[in-house]
Amino acid sequence: MHGHAHDIASLWTEDALRQSLAAVVILAISAAPVGVFLMLRRMSLVGDAMSHAILPGAAIGFLVSGLNVFAMTLGGLIAGLVIAVLAGLIARATEIKEDASLAVFLLVSLALGVVIVTVKGMDAEHLMEFLFGETAAAISADKLMLIAGNATVSTLVLALIYRPLVLDCVDPNFLRSVSSAGAAAHLAFLALLVINLISGFHALGTLLGVGIMIVPAAIARFWSRDITVMIAIAVGSGALAGIAGVLASHEAGIPAGAGVILAAGILYFGSVILGPVGGLVWKLFPGRHLEA
Amino acid sequence: MTGQLQFRDVTIGYDRHPAVHHLTGAIEQGALLAVVGPNGAGKSTLFKGIVGALPLLAGRIDRGGLAAHDIAYLPQVAEIDRSFPIGVYDMVAMGLWKRTGVFGGIDAEGRARIRDALAAVGLTGFEQRAIATLSGGQMQRMLFARLLLQDARAILLDEPFNAIDSRTASDLLDLIRRWHGEQRTVLAALHDLDLVRAYFPQTLLLAREPIAWGETATVLTPQNLLKARQMCEAFDEQAAACAAPVAG
């Protein structure tokens with residue numbers, strides 16, 4: 001167990017810790033805005049399910065080349081994109097809703113992933129890392145570069161599709177009457193979802209990686225009624241939870257994913273109680289009514 | 001004639017079932033037309049077909065040289081996600097889409113036009129309000145401000161006066177009359193027949209099939225209205241393919 005003073009000093013001396021801190025902050029900047037749109041499109045659980053879809057792809061990468069960052073990323077990326085696009089197209093072309101369409105794909109692909117991992121054989125320690133993130137916050141330089149690259153693409157693309165994406169949520173019929181960009185924006189958004197899940201998966205594990213997307217968005221809902229402000233709050237709270245979680249993981253030797261998502265969970269319950277938009281305190285003690 | 005909307009044996013629907021069946025006719029540039037009919041008569045479907053949001057099952061619509069951005073469309077309020085965290089100003093600003101497109105910014109002239117449009121509908125001071133906090137009437141005023149900015153030659157209003165008070169309705173009717181005076185084509189799906197008789201010179205009575213189309217007084221007769229009410233709302237799952245000859 002490290003002492004507190006030692007920890008602060010080790011920020012500047014331990015590469016792995018510095019890389020882990022950088023990775024979670026970059027991840028928050030990249031993934032939290034995507035999470036805000038997921039929530040507003042009522043697709044939060046789709047993100048959750050989607051994270052399982054990446055498993056067989058990553059497992060195939062693992063099958064081919066063992067625990068190699070780029071092979072597992074490429075596998076996850078291909079699996080995620082194929083499933084996102086197929087499920088999205090099927091939902092747009094048929095009567096089935098997008099969430100149900102995705103759920104079918106994801107269950108099948110999760111089952112496939114389990115089979116592949118079992119057949120190849122993975123020891124318990126690596127399986128824990130695969131599912132819940134690196135123990136004691138040790139994100140490698142390779143993974144950091146990958147997360148930063150994904151974040152750059154994600155932030156740029158989100159800026160490009162921002163306007164049609166907002167309109168496709170709030171008033172899709174109006175968007176269809178002025179532009180045909182809605183469908184393209186939706187598919188691009190699903191692609192962003194996949195690459196951010198891959199980043200989350202490398203930093204926080206396959207099961208908890210999606211949390212850095214979903215939880216900060218849910219926090220932001222309690223603090224603002226404006227989407228721009230919500231995105232800023234989601235990024236801020238995601239980064240805060242990331243830093244706190246990585247430090248806790250470093251200190252206590254728990255998996256990074258668990259540390260970060262628990263920290264985010266604390267912020268979430270604080271927001272449920274204190275948040276000015278629908279928070280409990282404001283509901284119970286609204287104050288005297290106003291003049292006008 | 002340019003700016004004329006022409007329907008040639010148009011059928012629009014869902015899963016091959018027609019919701020608008022064999023509609024033929026023309027709407028002159030500058031017409032002020034009420035589209036009347038029972039629920040399920042195909043009024044919204046017709047509008048979605050005109051703006052291209054729904055594909056036609058048969059026939060064709062000749063838009064008389066009107067491009068997509070020349071036709072402004074007011075969807076039913078129920079189709080808008082009012083819980084979405086966006087402010088009145090941003091929502092209205094989308095009316096400038098023809099100028100800004102997906103990426104363009106809003107310049108000083110655009111901002112001035114947004115200000116004027118908000119003033120014209122009586123929403124000055126509401127710029128920063130979230131749309132979730134608007135009343136039904138304020139919501140409809142906001143959507144009319146967006147229509148003003150679209151500056152379109154044809155305007156399609158789907159049930160614009162549903163669940164709003166008489167003062168808001170009369171303010172919005174003033175805007176519609178102003179558009180009519182500017183020679184813009186205005187189509188409105190409506191349920192209030194007194195309002196139609198008072199303000200709309202022409203009416204299309206629709207009950208899936210067109211029942212009558214022309215001067216409002218000759219269309220809204222008791223016989224026609226009775227005929228419209230007798231329309232069967234349910235689709236027949238065993239219906240055979242329509243045998244009517246396909247128009248050229």
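The following dialogue discusses how selected features of this predicted model may be read.

Visitor: How many helices and strands are there in chain A?

Guide: Chain A holds 13 helices and zero strands. Of its 292 residues, 50% count as buried. Among the contacts in chain A with a separation of 6 or more, 72% are accounted for by residues 24 or more positions apart.

Visitor: What describes two packed helices?

Guide: In general, one gives the angle between the two axes together with the distance between the axes. In chain A, helix α3 (residues 44-65) packs with helix α5 (residues 98-120) at an angle of about 30 degrees, and their axes are 8 Å apart. Because angles under 35 degrees count as roughly parallel, α3(A) is roughly parallel to α5(A).

Visitor: Is the crossing of α3(A) and α5(A) left-handed or right-handed?

Guide: The crossing of α3(A) and α5(A) is left-handed. By class, the contact of α3(A) with α5(A) has 19 nonpolar residues, along with three polar and three charged residues.

Visitor: Is W223(A) buried or exposed?

Guide: The criterion is a count of neighbours: a residue is buried if 20 or more other C-beta atoms lie within 10 Å of its own. W223(A) has 21 other C-beta atoms within 10 Å and is therefore buried.

Visitor: Which residues are in contact with W223(A), leaving aside its neighbours within four places in sequence?

Guide: With those neighbours left aside, W223(A) is in contact with I233(A), S271(A), G275(A), P276(A) and V277(A). As a further reference point, M39(A) is 184 residues from W223(A) along the chain, and the C-alpha atoms of the two are separated by 15 Å.

Visitor: In chain B, what is the order of the strands in the open sheet?

Guide: The open sheet of chain B has six strands in the order β5-β6-β7-β3-β8-β9, and its pairing is mixed. The edge strands are β5 (71-74) and β9 of chain B, each of which pairs on one side only. Neighbouring strands of this sheet are turned against each other by 15 degrees on average, direction ignored.

Visitor: How many bridges join β3 to β7 in chain B, and do these strands run parallel or antiparallel?

Guide: Five bridges join strand β3 (residues 32-36) of chain B to strand β7 (residues 185-190) of chain B, and these two strands run parallel.

Visitor: How are β8 and β9 of chain B joined, and what lies between them?

Guide: Strands β8 (residues 202-207) and β9 (residues 209-215) of chain B run antiparallel and are joined by six bridges. The bridge partner of A207(B) in β9(B) is E209(B). β8(B) and β9(B) form a hairpin with one residue between them, and R208(B) in the turn has a positive phi of about 70 degrees.

Visitor: Finally, how many residues does the contact between the chains take from each?

Guide: In general, the size of an interface is often given as the accessible area lost when the parts come together. Here the description is by residues: the contact takes 20 residues from chain A and 17 residues from chain B. On the side of chain A that touches chain B, α7 (141-170), α8 (172-178) and α11 (227-252) of chain A each supply at least two residues. The largest share of that side, six residues, comes from α7(A). By class, the side of chain A that touches chain B has eleven nonpolar, four polar and five charged residues.

Notes
Residues are numbered from 1 along each chain as its sequence is written. Chains are lettered from A and ligands numbered from 1 in the order in which they are written. This is a predicted model: local features need pLDDT of at least 70, side-chain atom pairs count only at pLDDT 80 or more; totals for chains, interfaces and linings use all residues. Two residues are in contact if their C-beta atoms, placed from the backbone, lie within 7 Å. Helices (H or I, at least four residues) and strands (E, at least two) are DSSP runs, numbered from the N terminus. Ala, Val, Leu, Ile, Met, Phe, Trp, Tyr, Cys and Pro count as nonpolar, Asp, Glu, Lys and Arg as charged, and the others, Gly among them, as polar. A residue is buried if 20 or more other C-beta atoms lie within 10 Å of its own, exposed if 12 or fewer, and partly exposed in between; C-beta atoms are placed from the backbone. Two strands pair if DSSP finds at least two bridges between them. Axes are lines fitted to C-alpha atoms, for helices over the stretch in contact, and angles run from 0 to 180 degrees between N-to-C directions. Angles under 35 degrees count as roughly parallel, over 145 as roughly antiparallel, 65 to 115 as roughly perpendicular and the rest as oblique. A crossing is left-handed if the near helix is turned anticlockwise from the far one by less than a right angle, and right-handed if clockwise.
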